[in-house]
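I opened the model to look up a few things and keep notes. The entries follow in the order I made them.

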Amino acid sequence: MGQGAFSSSLHSEFDTFIGAEFSCQPENTAPPNTCLMPEISGSEPTMSGNQSLCTKFTFVAFSSLAELQPVLFVVFLIVYLFTMCGNLLIIYLIWVTPFLHTPMYFFLVNLSILEMCYITTVVPQMLVHLLVETKTISVGGCAAQMYVFAILGLTECCLLAAMAYDRFVAICHPLHYTLLMSPPVCLKLAAVSWITGVVVESAQITWIFTLPFCGTGEIQHFFCDIMPVVKLACVDTSHNEIVLFAISVLFIMSPCLLILCSYLRILGTILRIPSATGRHKAFSTCSSHILVVSLFYGTALFTYLQPKSAHTPDTDKTTALMYTVVTPALNPVIYTLRNKEVKEAFQRVTHRNPLRQVD
């Protein structure tokens, strides 16, 4: 065989090999956020380690509401500012009011700080995307958002459990309250809540972003939530989803069960109080926390304890709006309008009420 024929044959075989490995090459007409996806046979695709895939994701949650996006911008901006101001007000009132320097309000400060970070992780970016035509985010930016959001979500689960334990000790063991809920104990409970959120969710989100993402890169959501992003993976994730579901059950349901057990004991103690006034006063110290827990866990359980096949874009977006926007906005309202001591502190600060001791 001559040198020219050999060279021609070699180039032909090389082109065939490249064509088999990478069937889809980027074209100049492709949009900038288009992801490169290899054509792989079989029901469970495998990816080459050096394959270049998605570099950007596109949010399409509000694409069908183009004419309403300016209105949604105004609504969400008002809710965001209200949430930030409300939580800052709670933190300020607790800071300047000595009789609120108790374990219950120490945890409430933690919760308010967490809620401000929680809503800030999602809403400012959503507000920008409501004003621009290209609603994209880099894979790295998506990972950062998911890290912060997931860590704060699990931390809130643990903080709500710590707050339920505080109410349990206050009502069921009042004589030992100062010992069982001393400042070092409160600090440890808060630290464990934050550390649990960081460790567990860092591992979970790191696993998610080791998956290859391909296709159009369109996220049927308004932020990088876990399940909408996992749906973009090019590989079979069924086995990993079982692990993901088990982790969610363990670390979401465990605090929930602790809360339920605490309130069952609290309910039993309240029912044994002989006077109706005493029962009402004991229950009133828990009512705000019960409402917050109901709002938070109601949406969290519905969202994260469903199998992947049960998720739809519409239900994901609706429940996500509840726990990312509505719940953080309602928490300051619940803790100011339904909490006698916080209302008393607010009246003192604004000089609308003479200084007096809280009953």
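**Entry 1**

I began with T136, which is partly exposed at a relative accessible area of 27%. My cut-offs are these: buried is under 20% relative accessible area, exposed is over 50%, and partly exposed lies in between, with a 1.4 Å probe and protein chains only. This is a predicted model, in which local features need pLDDT of at least 70 and side-chain atom pairs count only at pLDDT 80 or more, while totals for chains, interfaces and linings use all residues. Residues are numbered from 1 along each chain as its sequence is written, and side-chain values use heavy atoms, with hydrogens and water left out.

T136 sits in strand β2. I take helices (H or I, at least four residues) and strands (E, at least two) as DSSP runs, numbered from the N terminus. I then listed the contacts of T136, leaving aside neighbours within four places in sequence: F57, T58 and H129. Contact here means heavy atoms within 4.5 Å. I also checked T136 against K56: they are 80 residues apart in sequence, and their C-alpha atoms are 6.5 Å apart in space.

**Entry 2: the sheet**

Which strands make up the sheet, and in what order? I found three strands in an open sheet, ordered β2-β1-β3, with mixed pairing. The edge strands are β2 and β3, as each pairs on one side only. Two strands pair if DSSP finds at least two bridges between them.

I went through the pairs. Strand β1 (residues 56-59) and strand β2 (residues 136-138) are antiparallel, with three bridges. In that pair K56 stands opposite S138, and F57 has I137 as its bridge partner. Strands β1 and β3 run parallel and are joined by two bridges. There T58 stands opposite E218.

**Entry 3: the disulfides**

How many disulfides does the structure hold? I count two. The criterion is a pair of cysteine sulfur atoms within 2.5 Å.

One joins C142 to C224, with S to S at 2.1 Å. The torsion about that S-S bond is about -130°, so the disulfide of C142 and C224 is left-handed. C142 lies in helix α4 (residues 139-172) and C224 in the loop between β3 (218-219) and α7 (226-230), so the pair ties together parts 82 residues apart in sequence. Both C142 and C224 are buried.

The other joins C214 to C234, with S to S at 1.7 Å. This pair links distant parts of the chain, 20 residues apart: C214 is in the loop between α6 (183-208) and β3, and C234 is in the loop between α7 and α8 (238-271). Both C214 and C234 are buried.

C172 is buried at a relative accessible area of 17%. I looked at C186 as well; at 4% relative accessibility it counts as buried.

**Entry 4: helix α8**

Does the span agree or disagree with the residue count? At 1.5 Å a residue, the 34 residues of α8 should span 50 Å, and the end C-alpha atoms are 47 Å apart, which agrees. The expected span is 1.5 Å times one less than the number of residues.

Where does α8 bend? The bend is about 30° at M253, and a proline, P255, follows within four residues. I define the bend at a residue as the angle between axes fitted to the seven residues ending there and the seven starting there.

I also listed the buried residues of α8; among them are E241, L244, S248, I252, P255, C256 and I259. An α-helix has 3.6 residues a turn, so residues three or four places apart point the same way.

**Entry 5: T303**

T303 is in helix α9 (residues 276-304). Buried or exposed? T303 is buried, with a relative accessible area of 3%. I compared T303 with T318: they are 15 residues apart along the chain, with C-alpha atoms separated by 10.0 Å.

**Entry 6: the whole chain**

Last, the overview. The protein chain has eleven helices and three strands. From the N terminus on, the elements run α-β-α-α-β-α-α-α-β-α-α-α-α-α. Of its 359 residues, 43% count as buried. Among contacts between residues at least 6 apart in sequence, 76% join residues at least 24 apart.
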